[in-house]
Amino acid sequence: MIRACSWVLLLAGCGAARAPLPAPAAERSWVAPLPEPEDSPPPAPPQLPPVVSAALPCGLTVQIVEQRSVPVVYAALVGRGSTGSAPHVELDALLELALNSGASAGDDPGEDEHDGARVNERGIVLTSRVPPSDLDRVLARYLAVLEGSALDDDRVEVARATLLGRVTFERAQRSRASSPPPTQELFSLLYGREHPRVRRMRMRASAVQRVDTARVRRHLARMAAPAESALVVVGDVDAAALESAIRERFAILAPGSAAPRTPGAAPEFPDPDTRLRIFGTRPEPSAIIRLLERGPAIEHEDYAAFRLFARLAGGMFSSGLNLRLRESRGDAYGVITRVSDRFDHSVLELSVVVPVGAAGAAAASVVEELARLSDPERIDAEELEIARTVELAELAASLDTSTGLGRALVAAFLAREAPSSIDDTYARVAALDAAAVAAAARRWVRPEKAPMVIVGDYLWLFTHPVRVPGGVGFVGH
Amino acid sequence: MMRPMPEDDCTVRPDPRWCAAVVRALRLIIPLGLLALAMVPSRGAAVVPAVEAPIRYELPNGLSVVLDPLPARQSVAVVVSVEAGRRDQPSGWTGLAHLTEHLLFQGTPAAPGELMTRLERLGATAINAQTGDDWTRYYEVVPSARLERALWIEAERFAHGLDALDDQGLAEQRRVLDREREQRDLGREAVWELVRTILYPPSHPYGSARERAGDVHAARVADVRWFFQRHYMPDRMTLSLSGGFDPDRARVWIERYFGPLRRGPISAPPRQLPPPSVLIDGERRVLAEARRSDDLLCVIWPTPPWGAPGDAELDFVAGELTRRLARWRRVSRVVRDIDISQESGHLASTFRACVSVERRSGTQAPLMVLDGELEAMRRAPIEEEAIAAWRRRWMDGELVTMEHSLRRAQRNAARPPAFPGGVYDLGANLARYDAVTNEGVQRAVRRWLPPRDRLVVSVAGRHEAPPEGRIVSDVFVVEAP
């Protein structure tokens, strides 16, 4: 028997009756003024802990750091790739899925996954965060990767099924739309349509099907050639004992060398014909504004200045752009700006959500801010000081954990730099002034050309043109 | 939440769907000293490592303090948790707790200007605040050399945080809240608030959580002051530090800057009691619409709070159920995502099994598959191997989570009543996972995930649905006797 009690409820924001609240006890606090502390000297630069480095007969680099504050170990196997391991979007995507722990359709690694893998043009990085008692399992897994026994047919086929599911779905979504998705379009404007990063967004099922298991294994062997790879372990370990154990365990790998992968041509970053694409949607109160811009590689002399530029351009609460859009105008909850590192370049990403009626003004503010920060005379001394302080503090704090220090060592290895470069980065940031930041910005940032997209109400945006330099194109909906 | 953080930031992002609720059921003072747990051979996973408990004490004004020194670190996470949240808002005043949170960043007469900027000048990172159902917390990570000044700023916030508040400041933050609300809706998070509204009736403490613009815009300076003076008192606050600092020096600073705080004339509100259990008598089926590009099935059961018997077992159930449904997903062409979890709250939890499918493909098939797997788990215990794997995953996950100073400080400030002594303890958390058995998991499925007494929500993705979503029908299905 079904007893049906059906009714329609409308959630139209009808609030409950609002009775007046009692008056506060006082207009001001009854707590006496608190004594203010004296200023303390600035923090000392962080000291990189001792890094035990070794090179095994097979060519594998080993870096071990003891960090015993908590019983956690960060371990990574990182490969720069050897000759023949050219980027191949379907192959990289398939290999990445196959390597991810428990890789099965629907079991995608999340942010907190303990074992993870990334494969892209930068190289291959397998990471694990485990208690010390579990390190043995991780080392066994990494050894299997290096000796070529990590991927069985089942694992690859499960990964293929997962990837095909995604590719098929995304293709179906694209086929229903009259234009590429905004994100794909933004990356196309930055890189050009045929760059691997853009092609990875529009993989084809047939291309995935054509990648056979043997090819996946060969790709892994080249990406993780021992002579171009490193084993990084940071955490609650005895470095000397661990080094001995690793030497013994990995002695099974044959001595050898590998020719480093020849870097492909750096992205051209063409100037887009139309720098802003507007994607019109059904009526929505808010619009999303996104901007991408190329930046220097991590080993480039401009890298530190570029990161500071990103802080100033929305990478901290006190950035001029955030204060203007959020606090002064009330047009945004906040601006997000960050720098992500790729193989031979970096990418600055800026995004903000505003009421659609404020989209034009906000877009113009973003462009104006990029231009302002390219002029040393217009960078405020206080904002620069805050940006430098925050950047240095974040660098130092990141080294507090095994994960943070491990990631820094992995990044240095991929960039072919010694661990001491981590200390160098701190010193470089500390020495930056407005002239250096603006000079780097002028070399990399194109205020009038950096690609942008706006996604928002079609009708409003069509009838209220957004005016920014570099051309505006309307994609419709 | 004060400021959106990049996706890969390690700070805790507020979950607008199910906010963890903290209650201090007991006024607790734990003796000083470190409690080292012995190495405990575990049932089948790695050996449980020794963990040191933090230092806990209380100031004469009632402020609870948790000190977790990690000497080798160069930064310190500072967390202040207040036992006041959305459930403490009087009827018709949604958003008052959230507005108060935002306004406490506007500076004080002694520390004028935006406190975020003041903290950034110190080198603070991960600065943010969150308003939950049962608590509001403020946090940042500062260089160790700047800890004293950071403590002073936090004490100033809670001592004089609203002294400089005026109508202009209030109006500015109302606008920021509007933008935050709009961004949540744009992110399609409204559907989770809709589901919450279905689960908790308006009379329930969690029932009217959705913030309404009208309520926020009705709030005046005096209203915010009243809320602050009633709830933001030291006897309802916890200060938690984790990272590189000297605990003896920290004690001196805490006494100096937080010691003067005291409750004023407004009497303390009653202690938060666990909310009434949500009774689902029969299967409630709700059809709703929301602005999504897919359809969504969510099956929800009320379950024990964090740390209570059954909670750890249900974590294992969630993992195993996800694994089993993943096998089905491989052959299904319409499944987009599977999200199954025991959403552990301090006072109340829910077990939620959600499957998203391509729009207009229907939610009947995933419901049948889900029911089939649950029935299998009721009939036969999970294999011992699977239990061991999940045990390792949950224990390892907790240890890894506790690597970060900020997460340690946040966890240490938590007061789940079901934990020993009513405070979070890492060792106790590891021990309860270690104690899970396959029979216990089977019992948990039978007891807490019955086949009939549950909420089944089917959400149809419709572009024309209002931003907050809408319920189309609400039906109870009762089996014939």
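The model is predicted. In chain A, six strands form an open sheet, and in chain B an open sheet is likewise built from six strands. The structure also holds four cavities of 30 Å³ or more.

**The sheet of chain A**

- The strand order in chain A is β1-β2-β6-β3-β5-β4, with mixed pairing.
- At the edges stand β1 (52-55) and β4 (115-120) of chain A, each of which pairs on one side only.
- From one strand to the next, the twist averages 10°.
- Within this sheet, β3 (residues 73-79) and β5 (residues 123-130) of chain A run antiparallel and are joined by seven bridges.
- V73(A) has V130(A) in β5(A) as its bridge partner.

- Helix α2 (residues 135-147) of chain A lies across β3, β4, β5 and β6 (229-235) of chain A, and its direction is at about 165° to β5(A).
- Two packed helices are described by the angle between their axes and the distance between the axes.
- For α2(A) and helix α8 (residues 239-250) of chain A, the axes come within 11 Å and cross at roughly 35°; the crossing is right-handed.
- On the α2(A) side, the contact involves L135(A), D136(A), L139(A), A140(A), L143(A) and L146(A), which meet L242(A), I246(A), R249(A) and F250(A) of α8(A).
- By class, this contact of α2(A) with α8(A) comprises eight nonpolar and two charged residues, with no polar ones.

**The sheet of chain B**

- In chain B the strands follow the order β9-β10-β8-β11-β7-β12, and the pairing is mixed.
- The edge positions belong to β9 (335-343) and β12 (470-477) of chain B, each pairing on one side only.
- On average, and ignoring direction, neighbouring strands of this sheet are turned by 15° against each other.
- Five bridges link β8 (residues 294-303) and β11 (residues 454-461) of chain B in the antiparallel sense.
- I300(B) has L455(B) in β11(B) as its bridge partner.
- Helix α9 (residues 311-331) of chain B lies across β8, β9 and β10 (349-358) of chain B, running at about 170° to β9(B).

**The largest cavity**

- The largest cavity contains about 150 Å³ of space.
- It is lined by 19 residues, of which S29(A), W30(A), F158(B), A159(B) and F228(B) are the closest to its centre.
- Two elements of chain B, α3 (147-160) and α7 (221-231), are those that give two or more residues to this lining.
- By class, the lining of the largest cavity consists of 10 nonpolar, four polar and five charged residues.

Note on methods:
Residues numbered from 1 in each chain as written. Chains lettered and ligands numbered in written order. Predicted model: local features only at pLDDT ≥ 70, side-chain atom pairs only at ≥ 80, totals over all residues. Heavy atoms only, no water. 1 Å grid on protein atoms, 1.4 Å probe; cavity = no way out; pocket = protein on both sides within 12 Å on 5 of 7 lines; lining within 4 Å. Points joined across faces, edges and corners; volume = space filled by probe spheres on them. Helix = DSSP H or I, 4+ residues; strand = E, 2+ residues; numbered from the N terminus. Nonpolar A, V, L, I, M, F, W, Y, C, P; charged D, E, K, R; others polar. Pairing = 2+ DSSP bridges. Axes fitted to C-alpha atoms, helices over the stretch in contact; angles between N-to-C directions. Contact = heavy atoms within 4.5 Å. Left-handed = near helix turned anticlockwise from the far one by under 90°.
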